[in-house]
Amino acid sequence: MMLEPDTPRCEVAVIVPVHNGAAYLPDCLAAIAAQSLHDFCCILVDDGSTDGSSALCDEAAANDPRFVALHQPRSGVSAARTAGVRRARELGAIWLAFCDADDRYHPDFLRTLHHAAQDAALPLACCRYDTFTGAPPADAAAPEAYRVLAAPAHLEALLRDHAVDYGLWNKLYAAGLLTEEMLDNGLAYNEDLLANWRAFLRAKGCAFCDFAGYHYRQHAESATHRALPPQSIDDQRRAAALIRGDVPAQWPELQQTANAFYYEKLVYLASMIHRRADADAYRVQLGELNIGITAGLKDPQLGRNPRLPFAIRAAAWATVHAPRLWRRICRKFLKDRQ
């Protein structure tokens, strides 16, 4: 696609989906504007906001030529990210990064991941993240060194290593690696996990930078604190099942990891239901999960998978054989998303 003469071209496109994020958006945009990598553009996708976020997006675009504002009716975060990727391609972006509207980048986030990916000749780089509630954490010096996770170790890490995690926001992608179809994959929950799995499958490895380059804000409306509807159970289980069925045959150990990940997800989702006061609203989902957990208890690929943590095995047993006791334990000790 030919660019118009006055259209800014960028090396890295940062895509920020925005829906009613006015309380934290200025802080987010200030951290992006302060990046030590200067050759970037930031695409703000206002997804039907009603709280003033739309005006903040337009103001940022008017005051800084690196910022672009898009507006669309409320369509969801996946559609917003997809719209941002389309615009990034129009701008000729070579790399893609993502940031949620209530979070912050380390000032060297883009530079560090961009250097690592290019130096390693890989289409993918990532870093650790940390969480905060009030003032953001102090930024430690970003490392110049990085570690290569060669396939299939990068896929193992995606499923098992919380430092890599499965969010889109602590990573940098070659623009050709991550497609619009990967992002808008039909899931409302764990959509980022499935998108990453499919992108990671296309990469021969990942450059891992060992620093907290992404600051994830925790507040009452953040994703990790919102109560989840029954659809979330279905989507998370579906994502894990799709991953389990999509492991290349040449990596049997990765298949073992994916099987364990799937079974752990069943047990985790059941515990999420047990901890809730309105557990009756999830009767259908809990029944389906219990069938899967029960069937897998003695399966060497699932409940007896050597890669399954002992705590998950114990929780699976309690889910099936001591459900009332397990429910009391979940409600007493598992306090999130109740």
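1. The second largest cavity has a volume of about 40 Å³. It belongs to a predicted model, in which the count comes to two cavities of 30 Å³ or more.

2. The lining of this second largest cavity is formed by Arg111, Thr112, His115, Ala116, Pro143, Glu144, Ala145, Tyr146 and Cys209. Helix 4 (residues 109-120) supplies the largest share of that lining, with four residues. Sorted by class, five of the lining residues are nonpolar, two are polar and two are charged.

3. Seven aromatic pairs are found in a search of the whole structure. One of them joins Tyr105 and Tyr214 in an edge-to-face arrangement, with 5.9 Å from centre to centre and 70° between the planes. This pair connects distant parts of the chain, since Tyr105 lies in strand 5 (residues 104-105) and Tyr214 in strand 9 (residues 205-217), 109 residues apart. Both Tyr105 and Tyr214 are buried.

4. Tyr105 and Tyr214 also belong to one aromatic cluster, together with Phe109, Tyr129, Trp169 and Tyr216. Elsewhere, a charge meets a ring: the charged end of Lys332 sits over the ring of Phe333, 5.7 Å from its centre.

5. Helix 5 (residues 153-160) contains Glu156. Is this residue buried or exposed? Glu156 counts as buried, because its relative accessibility is 15% and the cut-off for buried is under 20%. Its side chain makes a polar contact of 2.7 Å with the side chain of Thr257.

6. Most peptide bonds are trans, and most residues other than glycine have a negative phi. Ala151 and Pro152 are joined by a cis peptide bond, with omega at about 5°. Pro152 is located in the loop between strand 7 (147-150) and helix 5.

7. Ala121 is not a glycine, yet has a positive phi of about 55°. The residue is found in the loop between helix 4 and strand 6 (124-132). With a relative accessible area of 54%, Ala121 is exposed, because the cut-off for exposed is over 50%.

8. Asp165, likewise not a glycine, has a positive phi of about 60°. Its place is in the loop between helix 5 and strand 8 (171-174). Asp165 has a relative accessibility of 12% and therefore counts as buried.

Notes:
Residues numbered from 1 in each chain as written. Predicted model: local features only at pLDDT ≥ 70, side-chain atom pairs only at ≥ 80, totals over all residues. Heavy atoms only, no water. 1 Å grid on protein atoms, 1.4 Å probe; cavity = no way out; pocket = protein on both sides within 12 Å on 5 of 7 lines; lining within 4 Å. Points joined across faces, edges and corners; volume = space filled by probe spheres on them. Helix = DSSP H or I, 4+ residues; strand = E, 2+ residues; numbered from the N terminus. Nonpolar A, V, L, I, M, F, W, Y, C, P; charged D, E, K, R; others polar. Phe/Tyr/Trp six-rings, centres within 6.5 Å; stacked < 30°, edge-to-face > 60°. Buried < 20%, exposed > 50% of the residue type's maximum accessible area, 1.4 Å probe, protein only. Lys NZ or Arg CZ within 6 Å of the ring centre and 35° of its normal. Polar contact = N/O pair within 3.5 Å; in protein donor to acceptor, adjacent residues only side chain to side chain.
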